[in-house]
Amino acid sequence: MDIQREKEEASLAGERALRSLYEARNALSSAGNWGLLDIFTSGGGGLFSTIMKHSKLNTAQSALQRARYDLDVFNRELKDVSETIGNIEMSEFLTFFDYMDSFIAEIMVQKRISDMKGAVERAIDQVERILRRLN
């Protein structure tokens, strides 16, 4: 087994996961901004801001689904190299993707958007740390 090749494959999988997580973070930030517009403008932001918020949340949901898949692949690739970089536990932030469907059911709740953003930020931080260890 070529450990350098395994590290490269893990790095590529991690980079894909980061791209999905970055996209989710951006969409959640935008959805949160549109939600704040609804809350803090007189009479609400109206139909347009509601449509924009839902559009951004749909984008975030798609990105989170991709991130879930990408993180699973990354986790599998890391198992191939864990002996050389130390044991890595990713399950801590993988589990937050399990309640993603309930997030969509509660799409109007601004706090939920903020919570998801925080979880995505933690996932990004962990993937970035792991990639630094790989490289």
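Modeller: The following account moves from the whole chain to the core and then to one residue.

The model is predicted, so local features need pLDDT of at least 70 and side-chain atom pairs count only at pLDDT 80 or more, while totals for chains, interfaces and linings use all residues. Residues are numbered from 1 along each chain as its sequence is written, and side-chain values use heavy atoms, with hydrogens and water left out.

The protein has five helices and zero strands, helices being DSSP runs of H or I of at least four residues and strands runs of E of at least two, numbered from the N terminus. Of its 135 residues, 41% are buried, that is, under 20% relative accessible area with a 1.4 Å probe and protein chains only; exposed means over 50%, and partly exposed lies in between.

The largest nonpolar core holds 28 residues. Such a core is a set of buried Ala, Val, Leu, Ile, Met, Phe, Trp, Tyr and Cys residues joined through side-chain atoms within 4.5 Å. The members that touch the most others are L21, L28, F74, L78, V120, V127 and L134. Helix 1 (3-40), helix 2 (46-85) and helix 5 (110-134) each supply at least two residues of this core, and helix 2 gives the largest share, ten residues.

Helix 5 also contains Q110, which counts as partly exposed because its relative accessibility is 22%. The C-alpha atoms of Q110 and N33 are separated by 9.5 Å, although the two residues are 77 apart along the chain.
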